[in-house]
Structure formats: structure tokens, C-alpha cells
Amino acid sequence: MQELYPPMDLSGKLLIAMPGMGDPRFDHSVIYICAHSEEGAMGLIINQPAADLAFGDLLEQLDIDTSDESLPTQIHIGGPVEHGRGFVLHSGEYDIAESTLRVDADFGMTATLEILEDMAMRRGPRLALLALGYSGWAPGQLEGEIAQNGWLTCDATPALVFSTENDRKWEKALKTLGIDPLTLSAAAGRA
């Protein structure tokens with residue numbers, strides 16, 4: 001019998017990986033949750049840059065012209081599911097009808113070539129994070145991982161998601177909860 005967890009909606013929140021969670025793919029990860037319902041959850045890791053991929057190279061591979069060779073967009077590893085698929089987490093002012101998932105007033109997520117074309121021509125969102133692949137959970141799976149002390153949750157802010165250096169996002173997310181990363185233990189306990 002599967003253990004049931006209380007329903008929750010973490011859409012628009014950040015997941016912060018706890019030390020010792022057991023899955024090395026998520027070690028020190030911070031994940032922005034794009035969608036969460038009784039059907040499962042989907043999110044993008046926001047602090048794992050893809051070391052050997054550049055936005056300009058991606059545009060060239062997709063045969064997208066660019067107005068500027070110095071596009072600063074870094075590509076991230078969004079998660080272990082569908083590595084060949086791209087997702088753009090972006091500021092809320094940008095919207096493509098029927099293509100953008102509007103998470104809240106500050107964030108949207110779009111996974112079309114049109115947003116990449118707009119970004120290449122500097123008509124895209126004001127703030128953006130491009131990710132290849134995503135992180136996904138089956139119904140009740142994320143709730144179970146949270147109950148097993150695998151993740152903490154906190155509010156997402158555009159500054160934390162888009163402006164904080166990747167190697168500082170985990171620590172800064174913890175500090176929004178008043179937690180010093182040095183005090184975290186890899187051992188989980190039950191009261």
C-alpha cells in the first residue's frame with residue numbers, strides 16, 4: 001500500500017536539496033517548480049550550468065540568426081528527464097499565447113523555438129534562464145521525498161533565480177529560511 005501525503009501545490013516555489021538526499025544528480029540543487037498538481041510535478045534545476053554549452057552555439061545548431069554575438073545566456077542542466085529538450089524559465093512580462101506556462105506574476109516558462117528566436121534578436125524576456133532537460137515527479141512522489149527530508153522549500157524571487165551566481169544559489173536559498181548551510185546534517189531524523 002502506497003503511503004499518502006497531504007496534497008500541496010509548490011508551483012512557483014524553490015526546492016532546496018538536503019545534504020545526503022541520496023541522488024547525486026540533485027546534490028546541492030535548487031529547483032524552480034514550474035507546475036505541481038495531483039498529477040505530479042515538473043521543475044528546472046537553476047544552479048547547474050552546462051559547462052560545455054553556449055547559447056550562441058545552440059542558436060547556430062538550430063539555425064537561428066542572432067542580432068548580437070555577445071548574448072550572455074548561460075545554458076543549465078534542468079534535470080535528468082528529456083536532456084534534448086529546451087525550456088526557458090523567464091520573467092513574467094514575456095508571454096507567447098498558448099505556449100507560455102504562466103506560473104505567477106513574476107515567472108513564466110516557455111519551451112518553443114519562438115522564444116529562442118526572440119531572445120536571439122533581443123526581443124525576448126527581460127530575465128531568462130535556459131535549461132536542457134527537466135526534473136519530474138510522479139503523483140505523490142515529490143510529497144514523499146519532502147516527507148523523507150529530501151527537500152526544503154522556499155519562496156522564489158527573480159533576484160535569487162536570475163541574478164545570483166549559480167554556485168551561491170543553494171546557500172542563498174537556505175538563508176532565506178534562516179538556515180546556515182554549515183548547520184545541516186546529512187542524517188535525517190524522525191520525532
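## Surroundings of Gln-48

Beyond its neighbours within four places in sequence, Gln-48 contacts Arg-25, Asp-27, Ser-29, His-76 and Ile-77. With Ser-29 there is a polar contact between the two side chains, at 2.9 Å. Gln-48 itself belongs to the loop that joins strand S3 (40-45) to strand S4 (49-54). The structure described here is a predicted model.

## Nonpolar cores

The largest nonpolar core comprises 24 residues. Within this core, the residues with the most contacts are Leu-14, Tyr-32, Leu-44, Ile-46, Leu-89, Phe-107 and Val-161. Two or more residues each are supplied by strand S1 (13-17), strand S2 (30-37), S3, strand S6 (81-91), strand S8 (107-110), strand S9 (128-137), helix H4 (158-163) and helix H5 (169-176). Another core, of 15 residues, lies apart from this one and includes Leu-58, Ile-75, Val-88 and Met-119.

Val-161 illustrates the contacts of a residue in the largest core. Neighbours within four places in sequence aside, Val-161 is in contact with Leu-14, Tyr-32, Ile-46, Leu-89, Phe-107, Leu-129, Ala-156 and Lys-169.

## Residues with positive phi

Glu-98 is not a glycine, yet its phi is positive, near 65 degrees. Glu-98 sits in the loop between S6 and strand S7 (100-102). Its relative accessible area is 86%, so Glu-98 is classed as exposed, the threshold being over 50%.

Asn-149, also a residue other than glycine, has a positive phi of about 65 degrees. The loop between helix H3 (141-147) and strand S10 (151-155) holds Asn-149. Asn-149 counts as partly exposed because its relative accessibility is 32%, which falls between the limits of 20% and 50%.

Terms used: Residues numbered from 1 in each chain as written. Predicted model: local features only at pLDDT ≥ 70, side-chain atom pairs only at ≥ 80, totals over all residues. Heavy atoms only, no water. Helix = DSSP H or I, 4+ residues; strand = E, 2+ residues; numbered from the N terminus. Polar contact = N/O pair within 3.5 Å; in protein donor to acceptor, adjacent residues only side chain to side chain. Contact = heavy atoms within 4.5 Å. Core = buried A, V, L, I, M, F, W, Y, C linked by side-chain atoms within 4.5 Å. Buried < 20%, exposed > 50% of the residue type's maximum accessible area, 1.4 Å probe, protein only.
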